[in-house]
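Subject: Structure handover

Hello,

Here is the structure we talked about. Please open it and keep it beside you while you read my notes.

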Amino acid sequence: LLNLTPEKSLWDCPLPLAFMDNFREAPHGERRRSRRVKCAISVEIRANGEAGMYGKATDLSVGGCFVEMPIPLQRDQPFEIGLWLGENKVKMNASVASTAPGYGIGVRFLNASEANREMLNAYICNLDLGG
């Protein structure tokens, strides 16, 4: 649902804050291919020839994530990302899908192996269930 009058609630009763939907339509009608869940995952980013940088993923999908970092990489820049999914560290190739200076980067996972996709999907399902 898209509320065209955000100052007015769509519902007759107030909703609990934990369940409020913060959906925002993507620019130019762009839609993500896979669902994202909120998270707080430590990540390590290693761009070619640069020292490792650390950040925190605040949402995650099998196709990418958003990483909070004060000085973002350049759009389309390739890098390796390491995500700590519980006890496991998953390393994948990635690129910068979008930048938000002062906030972070949108990350697109590239050529993830079937095993990595399965680990991501299992982790996402666990987060979705409140785990």
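Start with Lys56: at 37% relative accessibility, this residue is partly exposed (buried is under 20% relative accessible area, exposed over 50%, partly exposed in between; 1.4 Å probe, protein chains only). Its partner is Glu68, and the two side chains meet in a salt bridge at 3.8 Å, N to O (a side-chain nitrogen of Lys or Arg within 4 Å of a carboxyl oxygen of Asp or Glu). This pair links distant parts of the chain: Glu68 is in strand E3 and Lys56 in strand E2, 12 residues apart. Strands (E, at least two residues) and helices (H or I, at least four) are DSSP runs, numbered from the N terminus. Glu68 is also partly exposed, at 36%.

A note on the source: this is a predicted model, where local features need pLDDT of at least 70, side-chain atom pairs count only at pLDDT 80 or more, and totals for chains, interfaces and linings use all residues. Residues are numbered from 1 along each chain as its sequence is written, and side-chain values use heavy atoms, leaving out hydrogens and water.

The whole structure has 5 salt bridges. One of them joins Glu44 and Lys89 at 2.7 Å, N to O. Glu44 sits in strand E1 and Lys89 in strand E5, 45 residues apart. Glu44 is buried, at 9%, whereas Lys89 is partly exposed, at 35%.

Another salt bridge pairs Glu114 with Arg117, at 2.7 Å, N to O. Both lie in helix H1, 3 residues apart, about one turn of the helix.

Best wishes
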